[in-house]
Amino acid sequence: MTETVVVIYSGGMDSFTLLHLARARGYKVHALSFDYGQRHVRELECARQVCEELSVPHKVIDIRALSEVMAGSALTDAVDVPEGHYEEDNMKATVVPNRNMILLSLATGYAVTAGAVAVWYGAHGGDHAIYPDCRPEFVEKMDAVCQVANYEPVKIEAPFMGSDKGAILAEGLKLGLDYGKTWTCYNGRDRACGVCGSCVERLEAFAANGVSDPLRYEVET
């Protein structure tokens, strides 16, 4: 019998690749997205469109009521979005308090409901310096908890934990994926800004793979 996994799917390039990787490995996929009060819903709209095209079951869970306990981030509040590379200290302004623990907990509940064996999320090696909830020790401990939290054990897996964004993109290019169907920029304008940390890392990944990004940018790339 085909096993089912729940993929936390933001609509960005990492989770887009993860969704397709799960399908390529033969899993039945349920996609789960969250509206947690982020600055824009461009990524969520990308996620919706992709799942419709693939006929992948997709749920968008509104957790904006939790905004008061997930406050203070440049991704959710009236705080300037920092520019530059993720290795820079100012990028800590993009940390949403306890986000992945909350999202993984909710996704685990959905996994039990859907009969899934695991929850996949797109934490990767490039996130380690800034985001504590994307580090190996966090994944290991969440995995241990979620395997004993219910009668049905659910694994927490981050298949890209040892990869940077360039390697993730390389995996997606092997699968023939169209990254014009993703959105990465922290800003939700018509074009990606090209200067926020998320854009900088994305553009570096495309450059490392010697290909052009299909998204349009406000600055020359």
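Figure 1. Of the 221 residues of the protein, 49% count as buried. Among the contacts between residues at least 6 apart in sequence, 71% join residues that are at least 24 apart.

**Figure 2. Close-up of the largest nonpolar core.** The largest nonpolar core of the predicted model has 37 residues, and those with the most contacts inside it are V6, I8, L104, V119, Y121 and I156. Two or more residues of this core are given by each of the elements β1 (4–8), β2 (28–35), α3 (99–114), α4 (136–146) and α6 (197–208). The largest share, five residues, comes from α3. Apart from this core lies another one, of 24 residues, which includes L21, A47, W120 and F206. As general background, nonpolar side chains in soluble globular proteins tend to be buried together.

**Figure 3. Surroundings of I156.** I156 is one of the residues with the most contacts inside the largest nonpolar core, and this view turns to its partners. When the neighbours within four places in sequence are left aside, I156 is in contact with L104, T108, V119, Y121, V139, M142, D143 and C146. Among these partners, L104, V119 and Y121 are themselves listed with the residues that have the most contacts inside the core.

**Figure 4. Packing of α3 with α4.** Two packed helices are described by the angle between their axes and the distance between the axes. The axes of α3 and α4 come within 11 Å and cross at roughly 30 degrees; because angles under 35 degrees count as roughly parallel, the two helices α3 and α4 are described as roughly parallel to each other. The crossing in which α3 passes α4 is right-handed. On the side of α3 the contact is made by N100, M101, L104, S105 and T108, and on the side of α4 by F138, M142 and C146. Sorted by class, the residues of this contact are five nonpolar and three polar, with no charged residues.

Figure 5. S55 is found in the loop between α2 (42–54) and β3 (58–62). Although S55 is not a glycine, this residue has a positive phi of about 55 degrees. The relative accessible area of S55 is 65%, and because a value over 50% counts as exposed, S55 is described as exposed.

Note on methods
Residues are numbered from 1 along each chain as its sequence is written. This is a predicted model: local features need pLDDT of at least 70, side-chain atom pairs count only at pLDDT 80 or more; totals for chains, interfaces and linings use all residues. Side-chain values use heavy atoms; hydrogens and water are left out. A nonpolar core is a set of buried Ala, Val, Leu, Ile, Met, Phe, Trp, Tyr and Cys residues joined through side-chain atoms within 4.5 Å. Buried means under 20% relative accessible area, exposed over 50%, partly exposed in between (1.4 Å probe, protein chains only). Helices (H or I, at least four residues) and strands (E, at least two) are DSSP runs, numbered from the N terminus. Contact means heavy atoms within 4.5 Å. Axes are lines fitted to C-alpha atoms, for helices over the stretch in contact, and angles run from 0 to 180 degrees between N-to-C directions. Angles under 35 degrees count as roughly parallel, over 145 as roughly antiparallel, 65 to 115 as roughly perpendicular and the rest as oblique. A crossing is left-handed if the near helix is turned anticlockwise from the far one by less than a right angle, and right-handed if clockwise. Ala, Val, Leu, Ile, Met, Phe, Trp, Tyr, Cys and Pro count as nonpolar, Asp, Glu, Lys and Arg as charged, and the others, Gly among them, as polar.
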